[in-house]
Amino acid sequence: MYKDWLDPGTKDKADIQQLLDAMPEPVLTQRVVSDRVNSVRNDGPELIEPAAAP
């Protein structure tokens, strides 16, 4: 499934949901994180700490 997950052309909501549904639990866990994770310049263990929900 690596190819499917990494395919930048996968944009259809149904296709993405199918990928999520195919994963055995609890491999993926949704978390709200800081927007600092959006930059490769930021690094550190604090980036995986839960952030306040929007």
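**Questions on a predicted chain**

Tutor: Of the 54 residues in the chain, 7% are buried, where buried means under 20% relative accessible area, exposed over 50% and partly exposed in between, with a 1.4 Å probe and protein chains only. This is a predicted model, in which local features need pLDDT of at least 70 and side-chain atom pairs count only at pLDDT 80 or more, while totals for chains, interfaces and linings use all residues. Residues are numbered from 1 along each chain as its sequence is written, and side-chain values use heavy atoms, with hydrogens and water left out.

Student: Why is the chain called more spread out than a compact globule?

Tutor: The chain has two helices and zero strands; these are DSSP runs numbered from the N terminus, helices being H or I of at least four residues and strands E of at least two. Its radius of gyration is 14 Å, well over the 10 Å that the globule rule gives for 54 residues, so the chain is more spread out than a compact globule. The radius is taken over C-alpha atoms, and the rule is 2.2 Å times the number of residues to the power 0.38. Along its principal axes, the C-alpha trace spans about 30 × 25 × 20 Å.

Student: What makes the contact of Glu46 with Arg36 a salt bridge?

Tutor: A salt bridge requires a side-chain nitrogen of Lys or Arg within 4 Å of a carboxyl oxygen of Asp or Glu. In Glu46 and Arg36 the closest N and O atoms are 3.6 Å apart, and the pair forms a salt bridge. The two residues, both in the segment after α2, stand ten residues apart and link distant parts of the chain. A search of the whole structure finds one salt bridge.

Student: Why does Arg36 count as partly exposed?

Tutor: Arg36 has 36% relative accessibility, and therefore counts as partly exposed. Glu46 is partly exposed as well, because its relative accessible area is 39%.

Student: What makes Asp4, Asp7, Asp12 and Asp15 a negative surface patch?

Tutor: Patches consist of residues with over 30% relative accessible area and no salt bridge, like charges being joined within 9 Å and nonpolar side chains (Val, Leu, Ile, Met, Phe, Trp, Tyr) within 5 Å. Asp4, Asp7, Asp12 and Asp15 form such a negative patch. Asp15 belongs to helix α2, residues 13–22, and is partly exposed because its relative accessibility is 39%.

Student: How do you know that Gln17 is partly exposed?

Tutor: Gln17, also in helix α2, has 37% relative accessibility and so counts as partly exposed.

Methods: Areas by Shrake-Rupley, 256 points an atom, 1.4 Å probe, with all protein chains shown as cover. Lys, Arg positive; Asp, Glu negative; His and termini not counted. Charge placed at Lys NZ, Arg CZ, Asp CG, Glu CD.
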